Each structure stands twice: as C-alpha cells, then as structure tokens.
Amino acid sequence: MKWSAADRSQVADPKAYLTRIVSNVALERLRSTRHKRETYVGPWLPEPILTGGDASEAAVDAESVSMAMLVVLETLSPLERAVFVLKEVFDFSHAEIAEAVERSEVAVRQAAHRAREHVRARRPRFTADRSRQREVTERFFTAATGGDVNALMELLSPDVTLWTDGGGKVRQAMRPVVGASTVAAWFAAIGTVTYQGVEPADMNAELVEINGGPGVVFSGPDRVIATVTFDFDADGRIAAIHNVANPDKLQAITDGVAHDIGTR
C-alpha cells in the first residue's frame, strides 16, 4: 500500500525503497510480538509453513526457514534479526542494510557481528543428510501412528526434547518434555487417546515438508490439529521435536499453500 501511494518520480532505487518499507514493518511487528510473548502460555514456537521446491539443492534457503533456525532467531533483538536476515539470507551489503533499517553502517556491522556469533553458538550443530531425515521421519510416523514405543525409542536421542506450543488455546505440555522414554510414550499414545476432541479413528496424519524439512500434519474431520517437525543429531537420531497445536498458528498449514524455497 505504501508503494502504491508513493510518488514514483521521487524513488531513485525501488529495491532500496521497498526493502526499507518491509524492514520497518517487520521491526514494528517483532517489537510488538516480543511484548505479547511475555504473557504467552507455555512454550512459544514460530508458525509452521508448508514448503516445496528442490530444497536439497538450496540448503541455505531450507535452513533459513527451518523451525530450529527460527527459534534461534527469536532470541535476537529485532535489529539484530533484521540485519542477520538481510545479510546472511538475502546477501545485502552493510551499506544497503544501513539504509534499510535507518542506522549507521558502523552500527549495522556491529549488529551483524553480534547476530552471527549468537546464531553460531545456538544453532543446531549437526545437519543430517536429507535422505536420512526423510527415512527417520517416515519411521517415526509409522511408529507413532502404530503406538510402537520400542520403535520410537530407537529413533530418539537419549536426551531428546519435545517442545509443545498450544498457546493456552489447547491442552499441551507447559514445559519441555525431556528424555527418550517420556517422549516416546507421549507419541505412542496418539493412536489410543482422544486428542482435542477428535477420536483416534477420525484422526488423519500426513507426511509433508514443513519449514524446509520433513514433518507431519495431524488433522481431524474439519480442521488441522497440529504439526510436528524435527531436529536431528550427528547420528541422524531425533534430537528435538517441535509440536505446534495453537490454532492461531496453523492457518498457513490449513490454507495448504506451499512456499517454494528451491530458489531465492
């Protein structure tokens, strides 16, 4: 809308102008959501999106939208996050970023350095082969829907952590669930108990690509109920599970629009 209302004769560089608009809107949104998160019920996770394209040939693009990376980015300040994304994902120069976020180039360089160090220290240390990720996800899917605790235990790292985001709208764990046996029991129960008012016989589970990696969408007769995505350790075992069940965060999955991350 701002672009449509702009006097184009006064816009010397459309790319810079549009980047500044989007960056400012994003910064305002980040500052607003940070305040809301202080009163959020239970763990907070980013909204999942369906993705497509040949992500195997665009590993950087896939990682930039992965649930693990988005969780790390949420720990940055709004300015650091904006600078990191513009530099590391879109390859903008420090001068271009300075103009977009309306800061000095020196300040942008400092923010970029802090953000890189922060992300490097907290991002997942291992990236399992994508074919291995897919294989483990398919085995997890089969074991979970079949209630096979032993098969689930084989796929989980001993200190696996399950993060569940219900946002106070649906019943979920209020704290991270840690340990292979506990997490395995949690998922093995999926096929035996009523979940969010949906009977096991009416529950549908589907393997899809979510945030650049394999994931699972659970649905009832009339709505998407939850998504599950995974982080993997060096041996290809599941090290972390992100379970989003807050209905406010499932609209993009419900809409069914897949975002192509195969090319920038």
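This is a predicted model: local features need pLDDT of at least 70, side-chain atom pairs count only at pLDDT 80 or more; totals for chains, interfaces and linings use all residues.
Residues are numbered from 1 along each chain as its sequence is written, and side-chain values use heavy atoms, with hydrogens and water left out.

I begin with the pocket. A pocket here is an open set of points on a 1 Å grid over the protein atoms alone, where a 1.4 Å probe fits, with protein on both sides within 12 Å along at least five of seven lines; lining residues have an atom within 4 Å of a point. The largest pocket holds about 1,700 Å³, a volume being the space filled by probe spheres set on the points, which are joined across faces, edges and corners. Its lining has 50 residues, and Leu-30, Leu-70, Leu-73, Glu-74 and Arg-81 lie nearest the centre. Helix H2 gives the most, 11 residues; helices are DSSP runs of H or I, at least four residues, numbered from the N terminus.

Now the salt bridges. A salt bridge puts a side-chain nitrogen of Lys or Arg within 4 Å of a carboxyl oxygen of Asp or Glu. The whole structure has 17. In one of them, Arg-116 meets Glu-88 at 3.6 Å, N to O. Arg-116 is in helix H7 and Glu-88 in helix H5, so this pair ties together parts 28 residues apart in sequence.

Another joins Arg-237 to Asp-233 at 3.2 Å. Asp-233 is buried at 10% relative accessible area, where buried means under 20% with a 1.4 Å probe and protein chains only.

Key
Helices (H or I, at least four residues) and strands (E, at least two) are DSSP runs, numbered from the N terminus. Buried means under 20% relative accessible area, exposed over 50%, partly exposed in between (1.4 Å probe, protein chains only).
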